[in-house]
Amino acid sequence: MIKHLPNILSAARIVALPGILVVAFQGERHLFFLLLALSQFTDFLDGYLARRLNAQSRLGAKLDILGDSCNYVLGITGICLFFPTLIEGWRGVFPVVFALLHAARYVLARVRTGEWVYPVSHPSAKVNFYVQSVLIACLLLDLPLIHVMFYAAFLSGLAESWFYLSGLPKKR
């Protein structure tokens, strides 16, 4: 049972998405970002446990990627609802570009590998994870670094997407 814990944590992020969105649309900003921070922590924990328990699997990698996508959806939703000034004017392009790049990851994975989700590991993913975690903490705690971390998260997300897309194998 313990070997399945990483997959359970990843699946929990996916299953929690609708409930956390409800919290957001009810206007519960602090609870929303607290739940998002918890979801982000389980993203760290599932990978750590998978390596520690020697329970890494293809299914786990796919669940992790889908769980990451849920966190992206939640993060963008939270920014749009609770910090609309971050996306006013030309900055509104950022979430759109990020969403399109993220969608391209799924489409290109399907085209190049025959699967909708394909695990690709690159150090940029870890950097992006930590930058996003700091952004979530800033949003939760109303820290003055929100604008800087928003830009940093966008740039690190672009870098991760680039390395992901360039690391996909060609379909055989």
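Modeller: Start with one pair in this predicted model. The side chains of arginine 13 and aspartate 68 meet in a salt bridge, 3.1 Å from N to O. The pair links distant parts of the chain: arginine 13 sits in helix 1 and aspartate 68 in helix 3, 55 residues apart.

Biologist: Why is the contact of arginine 13 and aspartate 68 called a salt bridge?

Modeller: The N to O distance is 3.1 Å. The cut-off is 4 Å between a side-chain nitrogen of Lys or Arg and a carboxyl oxygen of Asp or Glu. The pair is therefore a salt bridge.

Biologist: How do you know whether arginine 13 is buried or exposed?

Modeller: Its relative accessible area is 2%. Buried means under 20%, so arginine 13 is buried.

Biologist: And aspartate 68, buried or exposed?

Modeller: Aspartate 68 has a relative accessible area of 16%. That value is under 20%, so aspartate 68 is buried.

Biologist: Which residues are linked in a network of salt bridges?

Modeller: Arg13, Asp43, Asp46, Asp64 and Asp68. The structure holds five salt bridges.

Biologist: What makes arginine 29 and aspartate 142 a salt bridge?

Modeller: Their closest N and O atoms are 3.2 Å apart. The limit is 4 Å, so the pair qualifies. Arginine 29 lies in helix 2 and aspartate 142 in the loop between helix 5 and helix 6, so the pair ties together parts that are 113 residues apart in sequence.

Biologist: Why does arginine 29 count as buried, and aspartate 142 as partly exposed?

Modeller: Arginine 29 is at 16% relative accessibility, under the 20% limit, so it counts as buried. Aspartate 142 is at 44%.

Biologist: What covers the buried residues of helix 2?

Modeller: The cover includes helix 1, helix 3 and helix 5. Among the buried residues of helix 2 are Phe32, Phe33 and Leu36.

Biologist: Which residues touch the most other members of the largest nonpolar core?

Modeller: Phe32, Phe33 and Leu139, out of 29 residues. The largest share of this core, six residues, comes from helix 5. Leucine 139 touches Arg29, Phe33, Ile79, Phe83, Leu86 and Ile146, not counting residues up to four places away in sequence.

Biologist: How many cavities of 30 Å³ or more does the structure hold?

Modeller: Two. The largest cavity has a volume of about 290 Å³.

Biologist: What lines the largest cavity?

Modeller: It is lined by 17 residues, of which Gly75, Ile76, Ile79, Leu135 and Ala153 lie nearest its centre. Helix 3 gives the largest share of the lining, five residues.

Technical notes
Residues are numbered from 1 along each chain as its sequence is written. This is a predicted model: local features need pLDDT of at least 70, side-chain atom pairs count only at pLDDT 80 or more; totals for chains, interfaces and linings use all residues. Side-chain values use heavy atoms; hydrogens and water are left out. Buried means under 20% relative accessible area, exposed over 50%, partly exposed in between (1.4 Å probe, protein chains only). Helices (H or I, at least four residues) and strands (E, at least two) are DSSP runs, numbered from the N terminus. Contact means heavy atoms within 4.5 Å. A nonpolar core is a set of buried Ala, Val, Leu, Ile, Met, Phe, Trp, Tyr and Cys residues joined through side-chain atoms within 4.5 Å. On a 1 Å grid over the protein atoms alone, a cavity is a set of points where a 1.4 Å probe fits but cannot get out, and a pocket is an open set with protein on both sides within 12 Å along at least five of seven lines; lining residues have an atom within 4 Å of a point. Grid points are joined across faces, edges and corners, and a volume is the space filled by probe spheres set on the points.
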